[in-house]
Amino acid sequence: MAVSDGYLTWILDQLRPIVPGIRVRRMFGAVGLYATDLFFAVVDDDVLYLKVDDATRPEYEARGMPPFRPFELHASMNYSQLPEEILEDRDALQLWTRRSLDVARAAKRSRSTGKGTTKRAAKKRATKKAAAKKAAAKKAAAKEPAAKKRTR
């Protein structure tokens, strides 16, 4: 789990024209890449991984790109390896990076509004849904006797 200085410099040289305000943060032998305050990429073992979600992950999978797994037995952390040829194509790199930034932005927005996948947010949604169902059933029950009276 190491990142060579040469590889990191090369990655940053590729991304600086595309990601203004890019910054680096070393963590546990890997490197996190940020666009201002958005954590959008990880570099580990001289491999670049971009942030993905359910909408963007299939394109990575279709190209055979593995997810980032810092430990073999742990699930992916929603980052997938960027195809190496994308790093050589400025336009393609810009497109893939922009999508990764969009995913990071959406994830951050989701966390800040409480609409993420936390247990608390899920419980809150379930409670709202149950209340809506109960209100709809009550409304339907109130309409039912009126409809029966008209048919008599």
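Which does threonine 97 count as, buried or exposed, and at what relative accessibility?

A: Threonine 97 counts as buried, because its relative accessibility is 0%, where buried means under 20% relative accessible area, exposed over 50% and partly exposed in between, with a 1.4 Å probe and protein chains only. The model is a predicted one, in which local features need pLDDT of at least 70 and side-chain atom pairs count only at pLDDT 80 or more, while totals for chains, interfaces and linings use all residues. Residues are numbered from 1 along each chain as its sequence is written, and side-chain values use heavy atoms, with hydrogens and water left out.

Threonine 97 belongs to helix α4, residues 90–113; helices (H or I, at least four residues) and strands (E, at least two) are DSSP runs, numbered from the N terminus. If neighbours within four places in sequence are set aside, threonine 97 is in contact with Leu15, Ile18, Val19, Phe40 and Leu50, contact being heavy atoms within 4.5 Å.

Next comes the sheet. Five strands form an open, antiparallel sheet in the order β1-β2-β3-β4-β5, two strands being taken as paired if DSSP finds at least two bridges between them. Strands β1 (22–27) and β5 (79–81) stand at the edges with a single partner strand each, so one side of each has no neighbour in the sheet. From one strand to the next the twist averages 30°, with axes fitted as lines to C-alpha atoms, for helices over the stretch in contact, and angles running from 0 to 180 degrees between N-to-C directions.

Within this sheet, six of the seven residues of β3 are buried, so the strand is largely enclosed by the rest of the structure. On one side, five bridges join β3 to β2 in an antiparallel arrangement, with alanine 35 opposite leucine 38 in β3. The β2–β3 hairpin has two residues between its strands, and threonine 36 there takes a positive phi near 55°. Strands β3 and β4 also pair in the antiparallel sense, over four bridges, and alanine 41 stands opposite leucine 50 in β4; that leucine is also among the contacts of threonine 97. The β3–β4 hairpin likewise has two residues between the strands, and in it aspartate 45 takes a positive phi near 50°. Beyond this, β4 (residues 47–51) is joined to β5 by three bridges, with tyrosine 49 having glutamine 81 as its bridge partner in β5. Helix α1 (residues 5–15) lies across β1, β2 (30–35), β3 (38–44) and β4, and runs at about 155° to β1.

Another threonine can be read alongside. Threonine 56, in the loop between β4 and α2 (57–62), is buried with a relative accessible area of 15%, and it touches Arg99 and Val103, not counting residues up to four places away in sequence.

For the chain as a whole, the secondary structure comes to five helices and five strands, in the pattern α-β-β-β-β-α-β-α-α-α along the sequence. Of its 152 residues, 34% are buried, and residues 24 or more positions apart account for 50% of the contacts with a separation of 6 or more.
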